Amino acid sequence: MSGSLVVVGTGPGKAELMTPATHAALARATDLVGYGPYLDRVPALRGDQCRHASDNRVELERARHALALAASGKTVAVVSGGDPGVFAMAAAVFEALEQGDPAWRTLDIRVEPGVTAMLAAAAEVGAPLGGDFCAISLSDNLKSWTVIERRLAAAADADFVIALYNPASKARPHQLARAFDLLRALKAGETPVLFVRAAGTDEAEVVATTLAAADAAVADMRTLVIVGASTTRQVGRWVYTPRSERGAAS
Ligand code: SAH
C-alpha cells in the first residue's frame, strides 16, 4: 500500500501553538479528514488539497474513511484539536484499524503530538499541574457515569490534581455539578478550582474559585476545569502546585 496517514492536532487554537511538525504534515497531505471546525483552523489549505469535513459524533466512521483513502494511495492527515491522542481521533484510527481490513495494518501510519488543552489551560494560570495530575473526560458518550464517578473518587483519594475535559455540553448540562458534589464530599472546600475557557487563544478567560464556591454553570464546551490537589495554592495572581508533597520546597 503506497498511501499514508498521519494524525495531527491543531493545538488549543492559536496558530503559534501548532507544532512545526504538524504544519509540515498538513502541507504534505493530499486529503484532510476531520470535524469541520478543526479543519477550519488549518492555515491556508491549497486548491489541490481535498477537505473531508464531518460531524463531530462520527469518529469511527471518519477514521475508516481516512484509512480507506490512505489505502487508495492518498497522503491523508486526520485533524483533531489539541493533541490527537487526548480524547480525540488517534485512538479512533487505531480502533478502526483493529476492526478493519487487515491489509490496512501495512499502511504508513503516524501520530504527531500537539499541545493539549490542559497544558494550555495550566499555562494561562501558572503551574497548577506542577505535581502529579490526571485527566478525566466527563463525557459519558463512550463510558458510563458510574465509571466516571469511580475515577473521580479514586483521583480525589490519591490527591491528584484533576483536569476535567468535556465538562459540559448542551446534551449534558448536569454532569459537572454532579462531579463537584462528589468531589466536595472528598476534598477540602478551599481546594482551588480553575475554569479556563479558550485557553491558548486571544479570547482566553479564567475564573479562579474554590471547590466550595464552584458553579458548574461557568463551564461550557470550550472550558477545561482544573481541580487542585491539597497543596495547590495561590501566589499573587497565579495558581501553582508545588513539586514537593509537603508543599513549597524549603
Ligand atoms: N484533543 C483535545 C481534547 C478534545 S476533548 C485536546 O487535546 O485538547 C474537547 C474538550 O477539550 C473540550 O470540551 C474542553 O474541555 C477541552 N478544550 C479543548 N480546547 C480547549 C481550549 N482551547 N481551552 C479550554 N479547553 C479546551
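Where does S4 sit in this structure? S4 lies in strand β1, which covers residues 4–9; strands here are DSSP runs of E with at least two residues, helices are runs of H or I with at least four, and both are numbered from the N terminus. Please keep in mind that this is a predicted model, in which local features need pLDDT of at least 70, side-chain atom pairs count only at pLDDT 80 or more, and totals for chains, interfaces and linings use all residues. Residues are numbered from 1 along each chain as its sequence is written, and side-chain values use heavy atoms, with hydrogens and water left out.

**Around S4**
- S4 counts as buried because its relative accessibility is 16%; buried means under 20% relative accessible area, exposed over 50%, and partly exposed in between, with a 1.4 Å probe and protein chains only.
- Leaving aside residues up to four places away in sequence, S4 touches A70, K74, T75, V76 and D108 (contact means heavy atoms within 4.5 Å).

**The ligand and its shell**
- The ligand is surrounded by 19 residues, and the closest are D83, V86, T116, M221 and T223 (a residue counts if one of its heavy atoms lies within 4 Å).
- By class, this shell has 12 nonpolar, 5 polar and 2 charged residues; Ala, Val, Leu, Ile, Met, Phe, Trp, Tyr, Cys and Pro count as nonpolar, Asp, Glu, Lys and Arg as charged, and the others, Gly among them, as polar.
- An N or O atom in the side chain of T116 is 2.6 Å from an oxygen atom of the ligand.
- For A117, a backbone N or O atom lies 2.9 Å from a ligand oxygen atom.
- A polar backbone atom of N166 is 3.1 Å from an oxygen atom of the ligand.
- On its own the ligand has 550 Å² of accessible area, and the protein covers 90% of that (areas come from the Shrake-Rupley method with a 1.4 Å probe).

**Backbone points to look at**
- Most residues other than glycine have a negative phi.
- N166 is not a glycine, yet has a positive phi of about 50°; N166 is in the loop between β8 (161–165) and α7 (175–184).
- A198 also has a positive phi, near 50°, and lies in the loop between β9 (192–197) and β10 (205–210).
- N166 is partly exposed because its relative accessible area is 34%, whereas A198 is buried at 4%.

**Cysteines**
- The structure holds 0 disulfides (a disulfide is a pair of cysteine sulfur atoms within 2.5 Å).
- C50 is partly exposed, at 36% relative accessible area, while C134 is buried at 16%.

Definitions and conventions:
A polar contact is a pair of N or O atoms within 3.5 Å; within protein, one must be able to donate a hydrogen and the other to accept it, and residues adjacent in sequence count only if both atoms are side-chain atoms.
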